[in-house]
Amino acid sequence: MKKLLSLVLAVTMLLGVTACGNENVVDESGSAAVETAKDVLAVCLASEPDTLDPALNSAVDGATMAAHLFQGLAKWTQDADGNLVVVADAAEELVEGVVNEDGTVTYTYTLKDGLLWSDGQPVTAADFVFAWNRAASVELAADYCYMFEVVDGYADMWAEEPAEDAALNVVAVDEKTLQVTLANAVSYWNELLAFPTYFPVREDVVANEAWATDPATYVCNGPYTITAWEHNSKITLTKNENYSDAASVTMPTLEFYLSDDNANMLTNFENGDWLLIDDVPTNEIANLKVNYPEEFVIAGQIGTYYVCWCINEEILPEGSALTGVEAEEAREEIRSAIGLLFDRNYIVEQIAQGGQVPASSFVAMGMTNPDGTEFYKTAGDSEEFYGYYDVSAEAYEANWAAAVETLKKYYTFDEATQMFTDFPTLTYLYNTSDAHKAIGEYLQSAMAGIGITMNMENQEWATFLNTRKEGNYSVARNGWVADYSDPICFLDMWTTVSGNNDIQYGKGAHAELAMYDLDLTEYGYELKVEDGTWAETYDELIATIKSCTDNEVRYQLMHVAEDMLMETGCIVPLYFYTDLYMLDDSVKGFYSNPLGYKYFMGCTIE
Amino acid sequence: MSSKTLGYILKRILLAILTVWVVITVTFFATRMIPGGPFIGEKAISPAAQASLEAKYGLDKPVFEQYVTYLKGVVFDFDFGPSLKQRGRMVIDIIADGMKVSAKLGVIAACSAAVVGIVLGSIAALRRNKLIDKIIMVVTTACVSMPTFIMGSLMLILFSLKLGWLPANGDSQGGLVLPIIALALYPMAYITRLTRSSMLDVLGQDYIRTARAKGVPKWKIIFGHALKNSLIPVITYFGPMLAYIVTGSLVVEKIFAVPGIGRAFVNSITGRDYTLVMGTTIVLAVLIVVMNLVSDILYKVVDPRINLE
């Protein structure tokens, strides 16, 4: 008995000792890495990526890694003036398309000589054909399969009953020649070629479904290869000697630390362990701006933070005589008026604090018209301000007064208290997060200022997405970040059948409301609808834009579409997103693109 | 070992299996009842893509059929299926990765709690009502009454943010020190108090007095007679302690960003990664059930007078 007990105790202690021993080993190996600091760039973008398969990835951090691991036909790079441009990468050059008789456009690319996979096999045009068809396929069901929507044949693949041989119109003419045909010309085609979904993968490699989870089976063709992946901890990328442009890669090793804790990221940055962190705690932003004026970076990001209304939510006072189209017209006016109650400058300066730009239109800052002007600056028809309302600090009081005047038409206003007395109670839905909550509380207080009660309801992420998608809310927090720089990605999400149509345009009671006018005759189209439903107008307009080959007209039509959206008052833009990160000043040669992808291959550490 | 004991152990094992089965069943249906799904995201995928993924993972079948398939897979093939979120990775691999970290955290915490607790408890008992006893009692009372999430957060603020002695991230160098302490404090305090009272109890027994009267050296009385018998209640606490450490690590791993199974579990729930939720739940449930079983059997072995019935 005594023996047993001492045995138990001994084993316990031994376990304790060996376990502690392991800890020491970790410490030693950790300090060994520090010695070669100039050859290793340690950064932290986010936590463990869901996937490193370029076709399946839909996250910005995953895209950054894919850009270091693969070579597509094109890539983002920084030109001599510091501007981000798309240039040829695996392709000899980014050719112009040839317009066919049926309006489709064919591009013929020649691959550079001597392109190799990281295992030494040659990269061929057939690899691209395979990769693209795989990424676009129903079987893979990738988040970003719709990136291939512009390619001829995509619609057939996704038809309700697709033909056996339905495939993208992409052909490997020979080992080095790739021919792709687009349904119609799109201005952002070269940018798509630089998008991770368009990166090549090899058939025999991806036949193993787990290929992208293990460095041993990960075959790529870019500047780096994965040499180690400690799950939830660190991904190590080492320069790929088989890469065609290996001479341009100045950083031998990249370490992507995996963490989703921004306080922890900041600690490691301040310690000097991590030289770039892609997130910072919101409540530290004000300090960081002062303490790290050079290293705290606010970069542009093409995205809009906004509030959306469910279009079928009844907001007219109880007993209102208005019905049908008249009621919806009144609601449009009411929602637009409420959008004027919010001081966007206060939101970005006091709450968000990350250099965001107050928004008065939906299509985000960073999108440009064909003539190079900013899309958001030409939105709306005002000469005095950008967008659909004046969001300058000076205009705020006038906006507020105008909103109250409009609301007085529909609700009872108590002059003594300056409050509306019969506005129905609203609920603001947001996903659990301090940042969203703070903004929600501001909106709540602004509305309470004129007697409108808005309760707050937070839901955990997946539940929130579901509730919002189903339209089971009255007002909800929302945000959208572009996948490519074309305004259409902000506009086609509001068609009736779109999966992102959270506002429920053209659904439920709204489906029946024939109240929208659309006249495209001045743009050379026959489409002219008076008192049409959402499906008859907006959906048709988006279809027209997607098939439009004249870029000038196309952009004008996109402005028309945004006008229609904003007219409904269901979208209340608050600000345009920015990308906040911290970069140690010893790192040179770093750049990031408008989509937030970060590029480290040309970096050096001083 | 008597047949009665064997019968008891057999009964306990059957009960344990039943418990795990109930946990599996309840979790399986509960995860599918919460709104949202694994393929839902900020940017919606098309209904066709959704259908394709559901077919791929068998989520298009009736829930009961999925349940039967899943149970069969787990029981006969030890197959926990693929993760629905981390495409290409198997649930079992994700659990194994998390377990490496969590086991280290848990084992060190449990061992330090036991060793430190027993030592402190003995000291307190032998120095009864002296200053050292009072200090130990005050500190352990504080540790027993404070929940882990408060203790963990306080330690994070004090040692990491204010003093900067230890890293906040469980994954960095020396990063496991704070989480281990946070996790070990409660069971350590509990064991201290348990050892103290049971040691005092034993020290008052007749046989100790006899030993003293015979002139047995003091250290021999303490280590040879008193400590051994006063550890019986401590051993019974091992089961609940390990259960506490398993559940406590869910909180601690979240606070200190330790990439263990606890964090994988929490993330799998928010991401509706059904298979990973099931996998982690089963592993944690089995762990707790087995630990309790072992501790009960050990109890019987240590003190044959105890009637397990």
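## Salt-bridge network

In this predicted model, A:Glu48, B:Arg89, B:Asp97 and B:Lys100 are linked in a network of salt bridges, a salt bridge being a side-chain nitrogen of Lys or Arg within 4 Å of a carboxyl oxygen of Asp or Glu. B:Lys100 is exposed at 60% relative accessibility, whereas B:Asp97 is buried at 19% (buried means under 20% relative accessible area, exposed over 50%, partly exposed in between, with a 1.4 Å probe and protein chains only).

## Buried pairs in chain A

Over all chains, the whole structure holds 24 salt bridges. One of them joins the side chains of A:Arg134 and A:Asp53 at 2.5 Å, N to O, and both of these residues are buried.

A further salt bridge, at 2.7 Å from N to O, joins A:Glu328 and A:Arg335; A:Glu328 is buried at 0% relative accessibility, and A:Arg335 is likewise buried, with a relative accessible area of 1%.

## Surroundings of A:Cys570

A:Cys570 is buried, with a relative accessible area of 0%. Leaving aside neighbours within four places in sequence, A:Cys570 is in contact (heavy atoms within 4.5 Å) with residues including A:Arg335, A:Trp309 and A:Tyr505.

## Basis of the values

Residues are numbered from 1 along each chain as its sequence is written, and chains are lettered from A and ligands numbered from 1 in the order in which they are written. Local features need pLDDT of at least 70 and side-chain atom pairs count only at pLDDT 80 or more, while totals for chains, interfaces and linings use all residues, and side-chain values use heavy atoms, with hydrogens and water left out.
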